Amino acid sequence: MGAERSPESRQRAEAYWFLASLFAGPPEANQLVRLTALDVQSDGPAGEIVATLRSESPAELADRLAVEHIRLFGGLREGYGPPPPYESLWREGRMMGEAAAAAMRAYGEAGFQPEGRWGPPDHLAEELRFVAALANGEGDAREAGRKDEAWWARERQADFVERHLMGWVPDYCRALESQAREPLYQALARITVETVAGDARYLREDGLD
């Protein structure tokens, strides 16, 4: 195992952080300006999302996205948008179910402190942040030559993606894409499920040298 492999973990962490940030809250106008200035690969996780922003006035788009974010993710009332992105709600039909408890145990075992701003710990933004933190931890361990620690972080990622994200994110993202009115959130739904499904395959098949 060498330091030359660490960028892979960093890139995966960045992808998860980026997706988590868009589920966490709507981008403000100044953030949209920075996003549209990014030099991103068109086929990367951010490429399609950033492309949806470049033909719009940042101020006007920010106002629309704020309203759309509340409709899509706020769970204000049935029929106004999809059920909000909590794993327990999508898998068990209730809030704070077994999935939330299992997510919290996984966080604790890894020493991850959930931000808590979305209430229950199985909010999608929190789960994506957790995988990002594990990927960053793997990168740190690789660069320091701590092979056992890197293996541990990689196995935690594979387990969490398979047991948690893959159990509900595909269904949720299909509903999100079908109900989203803004291209940004339509693209977010597509890219999220592609990222999670692709990562599940990658983590199953790839090992550490």
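Analyst: Helices here are DSSP runs of H or I with at least four residues, strands are runs of E with at least two, and both are numbered from the N terminus. The model is predicted, so local features need pLDDT of at least 70 and side-chain atom pairs count only at pLDDT 80 or more, while totals for chains, interfaces and linings use all residues. Residues are numbered from 1 along each chain as its sequence is written, and side-chain values use heavy atoms, with hydrogens and water left out.

In helix α1 (residues 6–24), Arg-12 and Glu-8 sit four residues apart, about one turn of the helix. Their side chains form a salt bridge (a side-chain nitrogen of Lys or Arg within 4 Å of a carboxyl oxygen of Asp or Glu), with an N to O distance of 3.7 Å. Arg-12 counts as buried because its relative accessibility is 9%, where buried means under 20% relative accessible area, exposed over 50% and partly exposed in between (1.4 Å probe, protein chains only). Glu-8, with a relative accessible area of 17%, is buried as well.

Glu-68 is buried because its relative accessible area is 5%, and Arg-71 counts as buried because its relative accessibility is 5%.

Arg-174 and Asp-171 form a salt bridge with an N to O distance of 2.3 Å. Both residues belong to helix α9 (residues 169–179), where three residues, about one turn of the helix, lie between their positions. With a relative accessible area of 52%, Arg-174 is exposed, while Asp-171 is partly exposed at 43% relative accessibility. Shared partners also join some salt bridges into one network, made up of Glu-8, Arg-12, Glu-138, Arg-142, Arg-154 and Asp-199. The structure holds 22 salt bridges in total.

Now the charges of the whole chain. There are 24 positive and 36 negative charges in the protein chain, and their mean positions are 2 Å apart. Lys and Arg count as positive and Asp and Glu as negative, without His and the chain ends; each charge is placed at NZ of Lys, CZ of Arg, CG of Asp or CD of Glu.

The fold around these pairs has ten helices and zero strands. The radius of gyration of the protein chain is 17 Å, close to the 17 Å from the globule rule for 209 residues, so the chain is as compact as a globular protein of that length. That radius is taken over C-alpha atoms, and the rule is 2.2 Å times the number of residues to the power 0.38. Along its principal axes, the C-alpha trace spans about 50 × 40 × 25 Å.

Of the 209 residues, 48% count as buried. The chain exposes about 10,100 Å², of which carbon and sulfur atoms supply 49%; these areas come from the Shrake-Rupley method with a 1.4 Å probe, and for residues only the protein chains shown count as cover. Among contacts (heavy atoms within 4.5 Å) between residues at least 6 apart in sequence, 71% join residues at least 24 apart.
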